[in-house]
Amino acid sequence: MATNLSIWGVCDNLQITKHSVVWCFECDEGLCEKCKTHHAVSKASKSHETVSITENKKLPTEVQQIVQNCKFHNEKYEFFCRTHVCPCCKKCLKYHKDCKGLTDINELIKNVKTSNAFNEIEQTLKEVVQNIKGLSTNRTENLKYLENKKIEIEGDDLIKGLLKVEEKEISKIEDLLTTLKKKETTLTKAQENITNIEKDIAVEENFIQSIATSGSTNQVNISCQINKSLQQISASVQKFGEINVSSVPCNFSIQERKNRQAQIMVALPTSNIDNLTLTLEKRINSELSYVYGCLLLPGDRMVFSSYRDDKIRVLKSDGSKDFQIKKIGPTFDVVFIGDDSIAVTSGGSNQINIIDLKKHKLKKSIKVDSYNGGVVYKDGHLIYCAREKGIQMISLNDETITNVSSTIPNSQIMRTLQH
């Protein structure tokens, strides 16, 4: 469609300067008052629909840029190829001989505003806007919650850490609110000019779903965990407590027409432990002997520890070797401790090694007061089997050791359970 609507048309081709008053989409040109009269009674054009130049200028830019003629053959589009999702002129048909679903454009757009598909698009668009507003409200309430939660936590040493955590989490939420506001503005404009926007709606729906599943909308909670050493009122306390940030799915549910209709139509099957069936998915060859510890990392990589070979081997998700670490002393059990790191117990020595998975090297060695076997990680602490000393817990922050239990079954290779 021409951008200079006011002087375009037949008169312009005749070198006559007259302003157009209407635009004909069929002819793809503007008409002055005189040409408009002839156009309305001409046999070839009397069935054409026209719109005033004033109203036409109000259309969105992307609509004004829609062309009616083929850019390759300069002939009017008359067909639509569903296989290639593109309009075609008569000359284009020779390139679409094998395409199925060639449709006359006039039939395709006939009664489009009253079709079920159009109504479905319109309703889906409304739902996307409502979901964005709901998410914005939910995130705003979370900001208020964080502000109120800050007041509840007391302690000079904790406030500094709390403010840093609060500032970081608020920044994340405010960034999301800014993005949602932009999307809401875009969709509000789209509601006023509904055209063939099915693809755009699909993109916006995917955007909402990606937000809901990415963790960005998780409800952020702040809590205060007091150091257990304070209970002993000893001078060895180095920290009053720790600021913990937990993230759980928010209580806002994304509304989606198609999913809601499917839930109504299909009854979901119920399952319980009695009818579960185990299936062997894959066999992994670690190529190690005396494997005492194994671990599945985020991203489906696997870690194996060989007590006989004194080495750690990391495999990719397909079972191929990623890397291995040797010469760090005895290796017994392994556990993931976050921050791309794992802890490795030694079994027959009083050493626990921390391995950096990114740099593929020993990050730190911790000396403990006993042999150490099976191990788990919880809240910044390693809980491990200490043989005759029972079960012990060491803080990775200050390396203080606490006795959890003095009795344990007589097995140095027992895997300590987290629960």
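**View 1. Ring pairs link Tyr-292, Tyr-307 and Phe-332 into a cluster.** The model is predicted: local features need pLDDT of at least 70, side-chain atom pairs count only at pLDDT 80 or more, and totals for chains, interfaces and linings use all residues. Residues are numbered from 1 along each chain as its sequence is written, and side-chain values use heavy atoms, with hydrogens and water left out. Rings of Phe, Tyr and Trp (its six-membered ring) pair if their centres lie within 6.5 Å; planes under 30 degrees apart count as stacked, over 60 as edge-to-face and the rest as tilted. The structure holds 3 aromatic pairs. In one of them, the ring centres of Tyr-292 and Tyr-307 are 5.1 Å apart and the planes stand at 15°, so this pair is stacked. Tyr-292 belongs to strand E9 (residues 291–296), while Tyr-307 sits in the loop between strand E10 (302–306) and strand E11 (311–315), so the pair ties together parts that are 15 residues apart in sequence. Strands (E, at least two residues) and helices (H or I, at least four) are DSSP runs, numbered from the N terminus.

**View 2. Tyr-292 also forms an aromatic pair with Phe-332.** This pair is edge-to-face, with 5.2 Å from centre to centre and 75° between the planes. Phe-332 is found in the loop between strand E12 (321–326) and strand E13 (334–338) and Tyr-292 in strand E9, so the pair ties together parts that are 40 residues apart in sequence. Buried means under 20% relative accessible area, exposed over 50%, and partly exposed in between (1.4 Å probe, protein chains only). Phe-332 is buried, with a relative accessible area of 3%. Tyr-292 counts as partly exposed at 36% relative accessibility, and Tyr-307 is partly exposed at 26%.

**View 3. Strand E11 pairs with E10 and with E12.** Two strands pair if DSSP finds at least two bridges between them. E10 and E11 are antiparallel and share 5 bridges; across this pairing, Ser-306 stands opposite Lys-311 of E11. Their hairpin has 4 residues between the strands, and Asp-310 takes a positive phi near 55°. On the pairing with E12, 5 bridges join the antiparallel strands, and Val-314 stands opposite Phe-323 in E12. The E11 and E12 hairpin has 5 residues between the strands, with a positive phi of about 95° at Gly-319 in the turn.

**View 4. Strand E11 has buried residues pointing both ways.** In a regular strand the side chains alternate between the two faces of the sheet. Lys-311, Arg-313 and Leu-315 point one way from E11, Ile-312 and Val-314 point the other way, and all are buried. With 5 of its 5 residues buried, E11 is largely enclosed by the rest of the structure.

**View 5. Strand E19 (residues 391–395) is largely enclosed by the rest of the structure, as 5 of its 5 residues are buried.** Ile-391, Met-393 and Ser-395 cover one side and Gln-392 and Ile-394 the other, and all are buried. Strand E18 (residues 381–385) runs antiparallel to E19 and is joined to it by 5 bridges; Ile-383 has Met-393 of E19 as its bridge partner. In the hairpin of these two strands, with 5 residues between them, Arg-387 takes a positive phi near 55°. Strand E20 (residues 401–405) is also antiparallel to E19, with 4 bridges between them, and Ser-405 in E20 is the bridge partner of Ile-391. The E19 and E20 hairpin has 5 residues between the strands, and Glu-399 in the turn has a positive phi of about 65°.

**View 6. The side chain of Ser-370 makes a polar contact with the side chain of Gln-392.** The distance is 3.4 Å. A polar contact is a pair of N or O atoms within 3.5 Å; within protein, one must be able to donate a hydrogen and the other to accept it, and residues adjacent in sequence count only if both atoms are side-chain atoms. Ser-370 is placed in the loop between strand E16 (361–367) and strand E17 (375–378), and counts as buried at 5% relative accessibility. Leaving aside neighbours within four places in sequence, Ser-370 is in contact (heavy atoms within 4.5 Å) with residues including Tyr-384, Lys-389 and Gln-392.
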